[in-house]
Amino acid sequence: MWKQFEIETIPVQAGERMVQKVKISGYLDSSTFPQLQEHLDNLLKQGNQYYLLDLQNLDYISSAGLGVLMGILREVRERNGDLKIFNMSEKIERVFYLLGFSRLMKVYSSEAEALESFANPQSTDTSAPEDRF
């Protein structure tokens, strides 16, 4: 069965940092996670280290999809970058918080708030997520 899955990346300036805004739509599961993994790996190989994931149109995420996010978070932080999320649906947010992922990466309600945190990290991130996995 074919499931809808789309990825779109838009570079966005946040202060002095170039952030890769990645819009993820549809179903992120065992059949679609390799596409996201490849896309994010390619962005990393190009030297990008700041990522903002827009999950507004993400309908479903499996453990495989969550694994991709954790893997890319680890790689980005090893390069002194960061990954943040915004526009998470209530359903996805519930899973995210229940599994403790909110302790590892910051979730924002708006794009402006998330971009501000990249532009001015000290003034906006008073409760930074844990660096350990």
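This is a predicted model: local features need pLDDT of at least 70, side-chain atom pairs count only at pLDDT 80 or more; totals for chains, interfaces and linings use all residues.

User: How many residues of strand S3 are buried, and which way do its side chains point?

Analyst: A residue is called buried under 20% relative accessible area, exposed over 50%, and partly exposed in between, with a 1.4 Å probe and protein chains only. In a regular strand the side chains alternate between the two faces of the sheet. Strand S3, residues 50-54, is mostly covered, with 5 of its 5 residues buried. Tyr 50, Leu 52 and Asp 54 point one way, while Tyr 51 and Leu 53 point the other way, and all of them are buried.

User: How many salt bridges does the structure hold, and which residues form them?

Analyst: A salt bridge requires a side-chain nitrogen of Lys or Arg within 4 Å of a carboxyl oxygen of Asp or Glu, and the structure holds 3 of them. In one, the side chains of Glu 111 and Lys 21 meet at 3.1 Å, N to O. Because Glu 111 lies in helix H4 (residues 111-119) and Lys 21 in strand S2, this pair ties together parts that are 90 residues apart in sequence. Glu 111 is partly exposed at 27% relative accessible area, whereas Lys 21 is buried at 9%.

Another joins Arg 77 to Asp 82, with the closest N and O atoms 3.2 Å apart; Arg 77 counts as buried at 17% relative accessibility, and Asp 82 is buried with a relative accessible area of 17%. There is also a salt bridge between Arg 94 and Glu 90, whose closest N and O atoms are 3.7 Å apart. Since these two residues are 4 apart in helix H3, about one helical turn separates Arg 94 from Glu 90. Here Arg 94 is partly exposed at 47%, and Glu 90 is exposed at 62%.

User: How should I read the aromatic pairs, and how many are counted?

Analyst: Rings of Phe, Tyr and Trp (its six-membered ring) pair if their centres lie within 6.5 Å, and planes under 30 degrees apart count as stacked, over 60 as edge-to-face and the rest as tilted. By this rule there are 4 aromatic pairs. Tyr 27 and Tyr 60 have ring centres 6.2 Å apart and planes at 35 degrees, so the pair is tilted. As Tyr 27 lies in strand S2 (residues 17-28) and Tyr 60 in strand S4 (residues 58-61), the pair ties together parts 33 residues apart in sequence. Tyr 27 is partly exposed at 35%, and Tyr 60 is partly exposed at 36%. Phe 96 and Tyr 97 form an edge-to-face pair, 6.5 Å centre to centre with 70 degrees between the planes. Phe 96 is buried at 2% relative accessibility, whereas Tyr 97 is partly exposed at 42%. Ring pairs link Phe 96, Tyr 97 and Phe 101 into a cluster.

User: Which charged residue sits over the ring of Phe 118?

Analyst: A charge sits over a ring if NZ of Lys or CZ of Arg is within 6 Å of the ring centre and within 35 degrees of the ring normal. The charged end of Lys 84 sits over the ring of Phe 118, 4.6 Å from its centre.

Terms used
Residues are numbered from 1 along each chain as its sequence is written. Side-chain values use heavy atoms; hydrogens and water are left out.
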